[in-house]
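This report concerns aromatic ring contacts in a predicted model. The sequence and structure are shown first, and the description follows.

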Amino acid sequence: MLVSTAPEIVVYSASLVFPVVSPRIEDGAVAVQHGRILHVGDRRWVLDALAARGAEHREEHWDGALAPGLVNAHTHLQYTRMAEVAERNYTGFDHWGDAFDAVYERGGHDWAAAAADGARQSLAAGVTAAADVVTDRAALGALHDAGMHGIAYWEVYGKSNDDWDAAAREEVRQQIREIPTPPGAGVSPHAPYSLEVQPLLELPDIVREEGLRLHIHLAEAHMEREFDGIDGYVGAGPGGHGEWPELGADSFRALRSHGIGVSSTQFVDHLGVLGPDCHIAHGVYVSAEDRALLRARGTSVALCPRSNEVIGLDMPPVAAYLREGNLIAVGTDSLSSSPSLDLLADVAALYRVARAQGYREDDLHQRLFTAATLGGAAALGLHVGKHRIGQLGVGAMADLAFFEAASHHPDAALAELVEDGAGRVRRTIVEGVERFRA
């Protein structure tokens, strides 16, 4: 008797399948082998295709919606146990930052355990990949240890020009080499207001020399808003009016002290931070010129509306991003500024914001669900290639999320998930391995 040595084929069938990169399927199925997707399509077709080549398989059916695993494009899993900070609302980033610092500096944190807890909560929300920004070494392995995909970004914060020396540069190089892989690794220069010019100039070069990814908090604080400067520099940027680059300012804060109203987006663009290998978090205070810069550079923005609300920021220009064709993704931020790590709660918030801002197109459900899946993958550079995620397509990683849905009509079920999808995940599979079951 011959015993097959080929990896087992499992067919996950469902009342509805949302591939994202192809039309939604009623009574569909996804065949998985060795952690990758073998077939996607009508259930009968998938089963017949396997039978035609004599491939042994077993089927598991779900009476709901089957979709790609969600991609959280901005979070800090190590702050999962700092939820007390998010129990109140603030008047802006500085106000929130004071409360955050008080808890952070209190000490006694087990960052590894907190990050692991955050990874578990993410998987329970159907998130199979994340852009996890890490400040303390103990939390670097959270995605790796949980078997999740995504990128762990080592955060560089508070560096001035004076203390950015050869030793500081080497420390960053060494740190990113120590990030457990898989998944991927990268660097997060924290923000234009927390780093001076020299580290902001050189960190992207270090990252690109290593072939890694960049992620920066941008246009999130009130001080980053473009304004009319006392010298008449209104949003002056490279190629625009004004000569602010020639001032030789040491930092974005120094520009502000000169009364220069250039936006933070134009500032970091001048320093070479933006690009297709970089995505930004928040993107709240962006002008039409800023949004055009992001599009020109191929830079995605991870929108985190519930975190913005807690911190006391405005809502991002969701409708403008959509109308103008910016690349968008969705992030929860951390539990220190958000009520949960359930990404679909932020998707629902973005839906409400887009409608309130006047977006009336009938593609809103699809575009926001895409932002939470394929859009997040694109932000992390994981939407193409051998290790692509955020989609159900042949050869892609078998990252799956199973959702409870009252309707079996594709449009109605998609609307349910986008407008009220939080808490609906019942099973999560990463690279063919079950990581959560309700």
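The predicted structure holds twelve aromatic pairs. One of them joins Tyr79 and Tyr104, whose ring centres are 6.3 Å apart; their planes meet at 80°, so this pair is edge-to-face. Tyr79 lies in the loop between β5 (70-75) and α2 (93-104), whereas Tyr104 belongs to helix α2, so the contact ties together parts that are 25 residues apart in sequence.

Tyr104 also pairs with Trp111: the ring centres are 5.3 Å apart and the planes stand at 25°, so these two rings are stacked. The angle falls under the cut-off of 30 degrees for stacked pairs.

| Residue | Relative accessibility | Class |
|---|---|---|
| Tyr79 | 6% | buried |
| Tyr104 | 24% | partly exposed |
| Trp111 | 11% | buried |

Because buried means under 20% relative accessible area, Tyr104, at 24%, counts as partly exposed, while Trp111, at 11%, counts as buried.

Tyr79, Tyr104 and Trp111 are among the members of a cluster linked by ring pairs, which also includes Phe93, Trp96, Phe100 and Tyr193.

A contact between a charge and a ring is found at Phe402: Arg427 lies over the face of this ring, at 5.4 Å from the ring centre.

Methods. Residues are numbered from 1 along each chain as its sequence is written. This is a predicted model: local features need pLDDT of at least 70, side-chain atom pairs count only at pLDDT 80 or more; totals for chains, interfaces and linings use all residues. Side-chain values use heavy atoms; hydrogens and water are left out. Rings of Phe, Tyr and Trp (its six-membered ring) pair if their centres lie within 6.5 Å; planes under 30 degrees apart count as stacked, over 60 as edge-to-face and the rest as tilted. Helices (H or I, at least four residues) and strands (E, at least two) are DSSP runs, numbered from the N terminus. Buried means under 20% relative accessible area, exposed over 50%, partly exposed in between (1.4 Å probe, protein chains only). A charge sits over a ring if NZ of Lys or CZ of Arg is within 6 Å of the ring centre and within 35 degrees of the ring normal.
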